[in-house]
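Visitor: Hi, could you walk me through a structure? I'd like to go through it bit by bit.

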Amino acid sequence: MRFVALLLPNLRPGGAERVCLDLAHEFQKLGYQVEFVLLQARGELLAEVQRNFKVVDLNCDRARALPLKLWRYLRDRKPDALIAAMWPLTVIAPLAAAASGGNTKVLISEHNTLSIQYRNLHRSEALIMHALMYALYPLASARIGVSRGVVKDIARLSMLSPMKFTVIHNPVQSGPTPEDVEQRHADSLWLSPNGNRIIAVGSLKDQKNHPLLLSAFAKLNQPDAQLMIVGDGALRPSLEQHAANLNIADRVIFAGYQPDPTPFYHSADLFVLSSNYEGFGNVIVEALSCGTPVVSTNCPSGPAEILEDGRWGTLTPVGDADALAAAMQSSLDKSHDTEALKRRAADFAPEIAARKYLQALGMA
């Protein structure tokens, strides 16, 4: 049986982590042995992964300890393929594989626009990042970006030809129709059974720009509208204060982290993404798969690719609260073909992405 290892920092509920879990299930269906290799075995998704797959804890407090421990793992376990997601794992993995002297194929996948994510690096640190990408990316058997924008970004940063990279959109699992008890739980968190329901799903961090969403929501001429933010993070207290300052705290629900947001999408009339930047935007596909209309900032990169430049949802300029509010109002006021939205989401099914990953590795 062929053996695929998935390398991640941990199993916090981020987009890349969920992508790897969905891929793992598809690889397993195709007859592959799958193992998760973690710098640290922690995170909200850990228990879910451990129910289905072996987890190897490298117990690395810092990335600098990873090369040696990963080299030992590859030397001893000899997986047929190693899939590494997210910088700096994407330069460490091909180096460790080359040093191990085995036949492990390495696929590296970047999930964000690194030039924005790491824009505050000191100049010397940025130069080191460029040099490592230029020197070590070519050691990988395959190099993946989750959107055209990500590929363009990492090709420029690594000073390599875009032809050396492949775009494979993130797999997004369409959740089954929620059980009645799950749907009742989601519905119970809304402030009232009536009114227009707007939802956002994602970690509460600067990248997601929830202050913009709150400001846009405050501009709606829709006194019965409610906004629910599903997700958690260190910014929650400041966002709650921002909602209070805008006099909308009585219409905003902070629902916290939810293991399965599917029933929350089903309970809403509109999904909004207000991010400054994305690598792809899995939550957009999740919303579409539930038939929930989408308004998103046209951030780099991903949303325009998913929504096909506005065919499947509305795109607005990054940081423009007035434009976001107008798009939200317009979407709430019109009808939508929910079945067509679901069909668009099916283009990103995990089985499609899994086969593309295996083709990139020459293992299909």
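Guide: Here is a walk through the fold, the core and some local details.

Visitor: What kind of model is this, and how are residues numbered?
Guide: It's a predicted model, where local features need pLDDT of at least 70, side-chain atom pairs count only at pLDDT 80 or more, and totals for chains, interfaces and linings use all residues. Residues are numbered from 1 along each chain as its sequence is written, and side-chain values use heavy atoms, with hydrogens and water left out.

Visitor: OK, how many helices and strands does the protein have?
Guide: There are 16 helices and 13 strands. Both are DSSP runs numbered from the N terminus, with helices being H or I of at least four residues and strands being E of at least two.

Visitor: Why is it as compact as a globular protein of that length?
Guide: Its radius of gyration is 21 Å, close to the 21 Å that the globule rule gives for 364 residues, so the protein is as compact as a globular one of that length. The radius is taken over C-alpha atoms, and the rule is 2.2 Å times the number of residues to the power 0.38. Along the principal axes, the C-alpha trace spans about 65 × 45 × 35 Å.

Visitor: And what share of the residues is buried?
Guide: Buried residues make up 54% of the 364. Buried means under 20% relative accessible area, exposed means over 50%, and partly exposed is in between (1.4 Å probe, protein chains only).

Visitor: Which residues have the most contacts inside the largest nonpolar core?
Guide: Leu7, Leu70, Tyr73, Met133, Tyr137 and Phe271, in a core of 66 residues. The largest share of this core, six residues, comes from helix 4 (residues 89-100). A second, separate core has 32 residues, including Val4, Phe27, Leu38 and Ala81. By nonpolar core I mean a set of buried Ala, Val, Leu, Ile, Met, Phe, Trp, Tyr and Cys residues joined through side-chain atoms within 4.5 Å.

Visitor: Back to Phe271, what does it touch?
Guide: Leaving out residues up to four places away in sequence, Phe271 touches a list that includes Ile199, Tyr265, Val283, Pro293 and Val295. A contact here is heavy atoms within 4.5 Å.

Visitor: How many aromatic pairs are there?
Guide: Five. One of them is Phe36 with Phe53, a tilted pair at 5.6 Å centre to centre and 50° between the planes. It links distant parts of the chain, with Phe36 in strand 2 (residues 33-38) and Phe53, 17 residues apart from it, in the loop between helix 2 (46-50) and strand 3 (54-57). Rings of Phe, Tyr and Trp (its six-membered ring) pair if their centres lie within 6.5 Å; planes under 30 degrees apart count as stacked, over 60 as edge-to-face and the rest as tilted.

Visitor: Are those two buried or exposed?
Guide: Phe36 is buried, at 0% relative accessibility, and Phe53 is buried too, at 6%.

Visitor: Switching topic: which residues of helix 7 are buried?
Guide: In helix 7 (residues 148-158), they are Val150, Val151, Asp153, Ile154, Ala155, Leu157 and Ser158. They pack against several elements, among them strand 5 (105-110), helix 6 (123-136) and strand 6 (142-145).

Visitor: What's going on just after helix 7?
Guide: Met159 takes a positive phi of about 60° there, although it is not a glycine. Met159 counts as exposed because its relative accessibility is 53%. Asn247 also has a positive phi, near 60°; it sits in the loop between helix 10 (236-245) and strand 10 (252-256), and is exposed at 65% relative accessibility.

Visitor: Which peptide bonds are cis?
Guide: Trp87 to Pro88 is cis, with omega near 0°, and Pro88 lies in the loop between strand 4 (81-85) and helix 4. Pro300 to Ser301 is also cis, with omega near -10°. Ser301 is in the loop between strand 12 (294-297) and helix 13 (303-306).

Visitor: Last one: where does Pro317 lie, and what does it touch?
Guide: Pro317 is in the loop between strand 13 (314-316) and helix 14 (321-333). It touches Thr297 and Ala323, not counting residues up to four places away in sequence. At 47% relative accessibility, Pro317 is partly exposed.
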